[in-house]
Amino acid sequence: MMRVCFATDSRDPSGMGVHMLTLAETLADCAVTVLAPRETALFAEARKRFPVMAYPGDGWALEAFLRAGAFDLVHLHAGIGWEGHEIAAAAARTGVPLIRSEHLPYLITDPGQQARYAEMSRQVAATIAVSEAVAASYRGSGLLAHAPVTIRNGIAPPAPREGTLARFERNGERPLLLNVGRLTAQKNQALLVDAVMLLAGRGRAVDLMLVGDGPDRAALLRHIRLVGAERYVRLMGHRDDASTLMAGGDLYVHASAFEGLPLVLLEAMAVGLPIVALSAPGVDEALDAETAWLVENANAEALAAAIERALGDADATRKRIAAAQQCQNDHFAAARMAAETRALY
């Protein structure tokens with residue numbers, strides 16, 4: 001039995017945290033301990049299933065923890081390039097091999113941070129990228145000490161979604177659009193609000209449910225009020241029942257400017273929730289014209305038009321649902337992700 005420490009110092013691991021728990025539960029022949037900041041949802045959820053350690057924020061305390069744990073491997077997970085350096089250094093001092101997973105594309109622009117990342121990379125035995133788009137961005141950085149290994153994200157089988165096709169036959173009720181993610185500029189929720197208002201102006205009113213929280217919540221709320229979208233948009237905050245909300249939705253809408261390989265899209269694919277998404281690196285590895293309505297232009301008009309098509313063509317929607325479910329099952333399952341990770345270990 002291999003003893004593995006899953007570690008992150010991210011203060012808001014969100015989807016990355018879900019990934020870590022899914023991978024930890026699916027890995028064969030591994031005993032996993034989770035190291036994460038105490039205030040995170042990841043720490044709270046991990047302690048229900050695995051041994052846990054609160055991230056101490058001190059390199060020597062980290063080293064003591066790694067020595068005491070007698071780990072065979074540390075698997076560091078990073079949401080952005082400047083995370084995880086103390087963990088990597090502590091693992092290097094103890095001599096425990098370290099694998100690093102990059103969950104977002106390369107985004108570092110500060111020369112000092114770039115130098116620190118290059119130094120950290122020399123302490124890493126292997127770097128995993130969660131999509132080929134992430135791998136390509138890190139290869140292009142020139143900072144890695146070795147070529148990244150692409151192991152695409154996967155999800156566990158979801159609970160069955162009832163009435164997948166019947167939801168298009170409802171009368172007297174506005175269609176429900178769903179978006180799940182941190183409220184940040186990257187996720188482009190304001191663009192979704194603008195698309196909803198365009199639809200309302202055409203007599204095609206819909207409801208938009210935004211699930212998640214983040215630093216841009218206040219700014220987004222101001223934008224909703226400015227454009228008069230209070231009747232149509234609901235800010236739901238952080239929820240633990242996003243999969244349940246998906247079961248009640250009519251369409252998943254996604255407008256992020258960049259991604260690694262978003263788990264929420266894989267979840268929507270798996271449960272049979274049709275998708276309108278802005279074309280972007282990472283997104284395009286999961287979706288194509290056969291599985292979703294992809295939008296090439298990042299503007300509200302293009303998004304609104306795609307939403308109209310998705311809600312108005314039931315036959316095309318049925319075909320995309322079936323293709324998306326098959327694609328997720330064939331290429332983005334947790335068992336495949338875990339097997340490839342275990343082989344790398």
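A residue is called buried when its relative accessible area is under 20%, exposed when that area is over 50%, and partly exposed in between. In the structure described here, which is a predicted model, Asp207 has a relative accessibility of 15% and therefore counts as buried. The side chain of Asp207 meets that of Arg174 in a salt bridge, with a distance of 2.9 Å from N to O. This pair links distant parts of the chain, since Asp207 belongs to strand E9 (residues 207-211), whereas Arg174 lies in the loop between strand E7 (149-150) and E8, 33 residues apart.

Side chains of opposite charge can pair when their charged atoms come close. In total, 19 salt bridges are counted in the model. One of them is formed by Glu39 and Arg11, whose closest N and O atoms are 2.7 Å apart. Here too the pair links distant parts of the chain, with Glu39 in the loop between strand E2 (30-36) and helix H2 (41-46), and Arg11 in the loop between strand E1 (2-7) and helix H1 (14-26), 28 residues apart. Glu39 counts as exposed, because its relative accessibility is 53%. A further salt bridge brings together the side chains of Arg49 and Glu45, at 2.8 Å from N to O. Both of these residues are partly exposed, Arg49 at 37% relative accessibility and Glu45 at 26%. Through salt bridges that share partners, Glu45 and Arg49 are joined with Glu25 and Lys48 into one network.

The strands of the model include an open sheet of 7 strands, arranged in the order E3-E2-E1-E4-E5-E6-E7 with parallel pairing. Its edge strands, each of which pairs on one side only, are strand E3 (52-54) and E7. Strand E6 (residues 126-129) runs parallel to E7 and is joined to it by 2 bridges, and Ile128 stands opposite Val149 in E7.

Helix H5 (residues 111-121) has four named buried residues, which are Tyr117, Ala118, Met120 and Ser121. When the helix is seen down its axis, these buried residues fall within an arc of 160°, so they line one face of H5. The elements against which the buried residues of H5 pack are helix H4 (85-94), strand E5 (98-102) and helix H6 (132-141). At the start of H5, the backbone nitrogen of Gly112 has a side-chain oxygen of Asp110 within 3.0 Å.

Lys187 is placed in the loop between strand E8 (176-180) and helix H7 (189-201). Although it carries a loop position, Lys187 counts as buried, because its relative accessibility is 16%. When residues up to four places away in sequence are not counted, Lys187 touches Arg182, Ala255, Ser256 and Glu259.

Finally, the cysteines were examined. A search of the whole structure finds 0 disulfides. Cys5 is accordingly in no disulfide, and the nearest cysteine sulfur, that of Cys30, is 13 Å away, whereas a disulfide requires a pair of cysteine sulfur atoms within 2.5 Å. Cys5 has a relative accessibility of 0% and so counts as buried. Cys327, at 16% relative accessibility, counts as buried as well.

Note on methods
Residues are numbered from 1 along each chain as its sequence is written. This is a predicted model: local features need pLDDT of at least 70, side-chain atom pairs count only at pLDDT 80 or more; totals for chains, interfaces and linings use all residues. Side-chain values use heavy atoms; hydrogens and water are left out. Buried means under 20% relative accessible area, exposed over 50%, partly exposed in between (1.4 Å probe, protein chains only). Contact means heavy atoms within 4.5 Å. The arc is that of the directions from the helix axis to the C-beta atoms. A polar contact is a pair of N or O atoms within 3.5 Å; within protein, one must be able to donate a hydrogen and the other to accept it, and residues adjacent in sequence count only if both atoms are side-chain atoms. A salt bridge is a side-chain nitrogen of Lys or Arg within 4 Å of a carboxyl oxygen of Asp or Glu. Two strands pair if DSSP finds at least two bridges between them.
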